[in-house]
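Good morning, and thank you for coming.

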Amino acid sequence: MESITAHTRARISNRFEDLLPNSPDPAKTKIRAKMVMILNSQGEIVPAAKSPLGKLWRLVNSQKSSLDECEEVIQLEPSLTSRIFRVSNSAAYNARATSIAEAIRFIGFKRVRELVYNAGVLKQLSMLKVPPEMELFWLRNIFVARLTDRIAATYFATDGSEYLAGLIHDIGWLFLCSHFPDEYKKIMASEKSPNDAEKDVLPFSHANIAAALAARSAMPLRAVDAIAYHHKQMLTTTSTLVAPNQNPLFLGVILAVCDKLADASQLDFLGKSNMTMESFRDCAEVTWLANYQKHVDFEAMAVEELTKAQEIHEIFFKGDADEVPAG
């Protein structure tokens with residue numbers, strides 16, 4: 001993940017409230033005040049610094065870290081150790097590793113980093129319970145995370161923040177149904193799309209909540225912006241056609257593409273989308289990206305990443321991890 005100074009990190013974290021628009025409506029002002037309070041107390045996706053996961057989080061975000069250093073700390077976190085074995089020995093990798101050293105070297109640093117992110121985010125946000133009707137929530141977000149990182153890598157060198165942006169981009173919906181159930185029900189009961197209906201009920205959007213969480217956790221600014229703006233059509237105007245590594249909103253376009261691909265792949269956890277693969281091909285973001293003349297087979301990538309996301313989701317959510325081999 002891109003390096004930022006301690007001063008910048010503190011500034012971003014302290015200004016997360018700026019990402020939550022206010023309203024002259026007293027009822028909406030009250031909602032905002034409650035959300036700020038919740039994010040102040042629970043809005044942190046980075047594990048405790050002294051915990052094994054916290055130490056791993058720092059290691060996988062450092063360009064100076066090695067797999068050897070990661071291996072030492074991973075062995076202090078039994079559940080993550082088990083999951084790494086299950087990933088390396090899954091159908092996707094079929095490594096048949098007999099030691100944690102073999103497992104992490106087979107799947108590589110990048111996949112280890114993603115597993116650390118998954119474990120850290122899920123542990124930090126474990127107080128947010130996914131209701132039965134949103135059973136696809138985490139599968140969808142793991143899928144979008146993997147796809148965002150993969151598509152972004154077609155245009156520029158990724159650093160992990162792309163995966164994290166995809167993993168938490170829709171977390172605002174989980175905050176709403178957990179802490180604002182009445183408002184959430186009003187949004188779901190509306191005949192409008194969820195993105196339009198939330199404007200009637202809230203002073204901010206679910207994307208604003210997720211962006212504020214990202215800022216509160218001092219994620220890179222381009223990831224924060226991508227999350228905040230991934231539903232904004234203004235991202236795909238001709239005025240934004242500059243080099244990917246010079247465009248602070250480029251990642252937002254990719255995130256929007258992956259969000260729509262998730263809907264077209266039958267992963268709409270809200271059950272409100274009419275997106276199909278046919279309509280996806282004609283969406284504004286895909287048309288905009290075509291200007292960069294990169295051949296990206298979005299649909300083939302989606303098929304491949306959905307299979308892998310399903311395996312990762314099963315490893316984190318379907319029962320206990322398999323027994324870890326000795327050594």
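The model before you is predicted. Let us begin with helix 6, residues 100-124, and helix 8, residues 161-168, which pack at an angle of about 35 degrees. Their axes lie 10 Å apart, and the crossing of helix 6 and helix 8 is right-handed.

Which residues form this contact? Helix 6 contributes E114, Y117, N118 and V121, and these meet Y163, L164, L167 and I168 of helix 8. By class, the contact of helix 6 with helix 8 comprises six nonpolar residues, one polar and one charged.

I turn now to the empty spaces. Rolling a probe the size of a water molecule over the atoms shows where empty space is left.

The structure holds one cavity of 30 Å³ or more, and the volume of the largest cavity is about 100 Å³. It is lined by 14 residues, of which V87, Y93, R111, R146 and I312 are the closest to its centre. Seven of the lining residues are nonpolar, two are polar and five are charged.

Finally, the largest pocket has a volume of about 1000 Å³. Among its 44 lining residues, S205, H206, A207, H230 and H231 are the closest to the centre. The elements giving two or more residues to the pocket lining include helix 1 (6-14), helix 12 (206-216) and helix 14 (250-264). This lining has 18 nonpolar, ten polar and 16 charged residues.

Methods. Residues numbered from 1 in each chain as written. Predicted model: local features only at pLDDT ≥ 70, side-chain atom pairs only at ≥ 80, totals over all residues. Heavy atoms only, no water. Axes fitted to C-alpha atoms, helices over the stretch in contact; angles between N-to-C directions. Helix = DSSP H or I, 4+ residues; strand = E, 2+ residues; numbered from the N terminus. Left-handed = near helix turned anticlockwise from the far one by under 90°. Contact = heavy atoms within 4.5 Å. Nonpolar A, V, L, I, M, F, W, Y, C, P; charged D, E, K, R; others polar. 1 Å grid on protein atoms, 1.4 Å probe; cavity = no way out; pocket = protein on both sides within 12 Å on 5 of 7 lines; lining within 4 Å. Points joined across faces, edges and corners; volume = space filled by probe spheres on them.
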